[in-house]
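Please look through the sequence and the model below before reading on.

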Amino acid sequence: MPTKLSSAQVERYARDGFLSPVAALTPDEAADCRGKLDAFERAVGGPLTAPGIDEPYRSRTHVLLAWVHGLVSHPAILDAVSDLIGPDILVYASTWFIKEPESPAIAAWHQDATYFGLRPHVHVTAWLALTDATADNGCMEFLPGSYRRGQLPHRAGVVAASVNRAGQAVTLEVDDAPAVHAPLRAGEFSLHHTLCLHRSQPNRSAGRRVGLAISYIPTSAQHVGVKHKMPAMLVRGVDTYGHFKPDPAPKADFDDAARAAYKRSYEGYKASYAEQVELEAR
């Protein structure tokens, strides 16, 4: 029996390939995290959306900042994820998805699986909102049942103002008539399958839209990269497989050990991602 999700929610995820919303943080806890994010951005010299700062500080901050590690290992999120992929869980990646006020930034229709290089396709993403995410400010949209189509061809570098670094989009024509908006209140999260087609529209509001996407995989999953053994962090259960280099949890924000671990982790992730983009383009 599921522990966090109801049987109906598990069945809905199996049918649609996504589930939203699910509760995690209280409004006050979400506000506290926004304050910590503001402080982090001041420490690194500006917003994570700014050129030069988004590389590298937009990704994998769960290895650098103890409070972000607290988010990726939050019991409410892990309980829900374990209902979908089992009790032994790794964080493969985390990425900040921030849209500034009146921002043209979008995500075109795409699948997370395309450039992650994970097999089998059991990766699930939790998208945690730290501000309200609405249709007006560019919340996520999903195509129900689209994950059953399997891995679709993508092309990188074709989307202007993309919130995804590769600027990717699926190359096939997509009928978006069945698309479902997935608005979230600050502190809630959605879950989606790695092959579920999703996108987001520009932020047409006067407020900032802030979310953290967390990629979870069972410890049995493998990375198919030929050049790089990817790092990942165990956040629940045990890892008896050893398919990934272990990322240590940070003991304190920005301390020397966390900085060193973060540098190694980010460089490994960046190299692997570039390899997958190159392989997909062939």
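## The nonpolar cores

Which residues have the most contacts inside the largest nonpolar core? In this predicted model, that core has 48 residues, and those with the most contacts inside it are Ile 77, Trp 96, Phe 189, Leu 191 and Tyr 216. Helix H5, which covers residues 75-85, gives the most to this core, contributing six residues. In soluble globular proteins, nonpolar side chains tend to be buried together.

Strand S12 runs over residues 209-218 and is mostly covered, since 10 of its 10 residues are buried. Arg 209, Gly 211, Ala 213, Ser 215 and Ile 217 point one way from S12, while Val 210, Leu 212, Ile 214, Tyr 216 and Pro 218 point the other way, and all of these are buried.

Which strands pair with S12? Strand S2, residues 89-99, pairs with S12 in the antiparallel sense over 10 bridges, and within this pairing Thr 95 has Ala 213 as its bridge partner. Strand S5, residues 124-129, also runs antiparallel to S12 and is joined to S12 by six bridges, with Val 124 standing opposite Tyr 216. Tyr 216 is also among the residues with the most contacts inside the largest nonpolar core.

## A four-stranded open sheet

Another part of the model holds an open sheet of four strands, in the order S3-S11-S6-S9, with antiparallel pairing. Strand S3 (107-110) and strand S9 (180-182) stand at the edges, and because each has a single partner strand, one side of each is left without a neighbour in the sheet. From one strand to the next, the twist averages 25°.

The pairing of strand S6, residues 140-142, with S9 can be followed residue by residue: three bridges join these antiparallel strands, and the bridge partner of Phe 142 in S9 is Val 180.

## A loop residue

Is Gln 168, which has a relative accessible area of 4%, buried or exposed? Gln 168 lies in the loop between strand S7 (154-155) and strand S8 (169-170), and Gln 168 counts as buried because its relative accessible area of 4% is under the 20% cut-off. Not counting residues up to four places away in sequence, Gln 168 touches Ala 108, His 110, Tyr 115, His 154, Arg 155, Ala 156, Gly 157, Val 159 and Tyr 273.

## The protein as a whole

The secondary structure comes to six helices and 15 strands, and buried residues make up 54% of the 282 residues. Among the contacts with a separation of 6 or more, residues 24 or more positions apart account for 83%.

The C-alpha atoms fill a box of roughly 50 × 45 × 45 Å along the principal axes. A compact globule of 282 residues would have a radius of gyration near 19 Å, and the protein has 17 Å, so the value agrees with that expectation. The protein exposes about 11,900 Å², of which carbon and sulfur atoms supply 54%.

Conventions
Residues numbered from 1 in each chain as written. Predicted model: local features only at pLDDT ≥ 70, side-chain atom pairs only at ≥ 80, totals over all residues. Heavy atoms only, no water. Pairing = 2+ DSSP bridges. Helix = DSSP H or I, 4+ residues; strand = E, 2+ residues; numbered from the N terminus. Axes fitted to C-alpha atoms, helices over the stretch in contact; angles between N-to-C directions. Core = buried A, V, L, I, M, F, W, Y, C linked by side-chain atoms within 4.5 Å. Buried < 20%, exposed > 50% of the residue type's maximum accessible area, 1.4 Å probe, protein only. Contact = heavy atoms within 4.5 Å. Rg over C-alpha atoms; globule rule 2.2 N^0.38 Å. Areas by Shrake-Rupley, 256 points an atom, 1.4 Å probe, with all protein chains shown as cover.
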